[in-house]
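My notes follow the order of looking.

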Amino acid sequence: MVPAVPLNYYLVLSAILFTIGVVGVLIKRNPITIFMCVELMLNAVNITLVAFSRYQSTLTPAGGYANPRFIDGQMMVLFVFAVAAAEVAVGLGILVSIFRNKMSINVDEIDLMKG
């Protein structure tokens with residue numbers, strides 16, 4: 001039998017992925033790379049949600065059986081997937097529009113919102 005992976009390992013992995021995503025958003029200038037880093041942060045959150053849900057479902061009450069009704073984490077992951085898909089669709093549409101107008105998608109050159 002394969003031993004269960006402790007919750008701490010999932011949380012550490014999630015923290016590492018989230019940190020890589022934050023650093024990528026702050027350092028990179030290409031919007032496509034920034035989108036990928038945001039997706040990395042969302043997936044880190046998904047790992048945390050699934051890990052907590054799995055950990056909570058394996059907690060046994062005093063009777064000794066696992067409670068299978070704790071699927072809240074998986075449902076939240078589906079919600080995060082939907083938000084991520086919408087974010088990519090809207091973001092790529094905005095990028096295509098900016099590229100058509102400016103012929104560049106460099107973040108430093110995009111100043112359309114400045115007053």
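These entries go from the overall fold to single residues.

**Ground rules**

I am working with a predicted model, where local features need pLDDT of at least 70, side-chain atom pairs count only at pLDDT 80 or more, and totals for chains, interfaces and linings use all residues. Residues are numbered from 1 along each chain as its sequence is written, and side-chain values use heavy atoms, with hydrogens and water left out.

**Entry 1: overall**

I looked up the secondary structure first. I found three helices and zero strands. Helices (H or I, at least four residues) and strands (E, at least two) are DSSP runs, numbered from the N terminus. Along the sequence the pattern reads α-α-α.

Next I checked burial. Of the 115 residues in the protein, 22% are buried. Buried means under 20% relative accessible area, exposed means over 50%, and partly exposed lies in between (1.4 Å probe, protein chains only).

Then I took the contacts between residues at least 6 apart in sequence: 59% of them join residues at least 24 apart. Contact means heavy atoms within 4.5 Å.

The protein exposes about 8,300 Å², and carbon and sulfur atoms supply 71% of that. Accessible areas come from the Shrake-Rupley method with a 1.4 Å probe; for residues, only the protein chains shown count as cover.

**Entry 2: helix α1**

I checked the length of α1, residues 7-27. Its 21 residues should span 30 Å at 1.5 Å a residue, and the end C-alpha atoms are 30 Å apart, which agrees. The expected span is 1.5 Å times one less than the number of residues.

Which residues of α1 are buried? I list L7, S14, L17, G21 and G24. They lie on the same side of α1, because they cover an arc of only 125 degrees around the axis. The arc is that of the directions from the helix axis to the C-beta atoms. On the other side of α1, I see N8, Y9, L26 and I27 exposed.

S14 lies in α1. It has a relative accessible area of 7%, so S14 counts as buried. What is S14 in contact with, leaving aside its neighbours within four places in sequence? The partners are A44, V45, I47 and T48.

I16 is also in α1. At 45% relative accessibility, I16 is partly exposed. I16 and M41 are 25 residues apart in sequence, and their C-alpha atoms are 9.6 Å apart in space.

**Entry 3: helix α2**

Helix α2 covers residues 31-58, and R54 lies in it. R54 is exposed, with a relative accessible area of 55%. I looked up its spacing to D72: 18 residues in sequence, 9.6 Å from C-alpha to C-alpha.

**Entry 4: helix α3**

I ran the length check on α3, residues 72-102. The 31 residues should span 45 Å at 1.5 Å a residue; the end C-alpha atoms are 44 Å apart, which agrees. Buried in α3 are G73, V77, V80, A84, G91, L95 and I98.

V88 sits in α3. V88 is partly exposed, with a relative accessible area of 28%. The C-alpha atoms of V88 and F35 are separated by 7.3 Å, although the two are 53 residues apart along the chain.

L92 is partly exposed, at a relative accessible area of 37%. Leaving aside neighbours within four places in sequence, L92 is in contact with I32 and F35. From L92 to P31 there are 61 residues along the chain and 9.1 Å between C-alpha atoms.

**Entry 5: surface patch**

I noted a nonpolar surface patch of about 400 Å², made by I71, M75, L78 and F81. L78 is found in α3. Patches are made of residues with over 30% relative accessible area and no salt bridge; like charges are joined within 9 Å, and nonpolar side chains (Val, Leu, Ile, Met, Phe, Trp, Tyr) within 5 Å. A salt bridge is a side-chain nitrogen of Lys or Arg within 4 Å of a carboxyl oxygen of Asp or Glu.

**Entry 6: after α3**

M103 follows α3. Its phi is near 60 degrees, a positive value in a residue other than glycine. M103 is exposed, with a relative accessible area of 59%.
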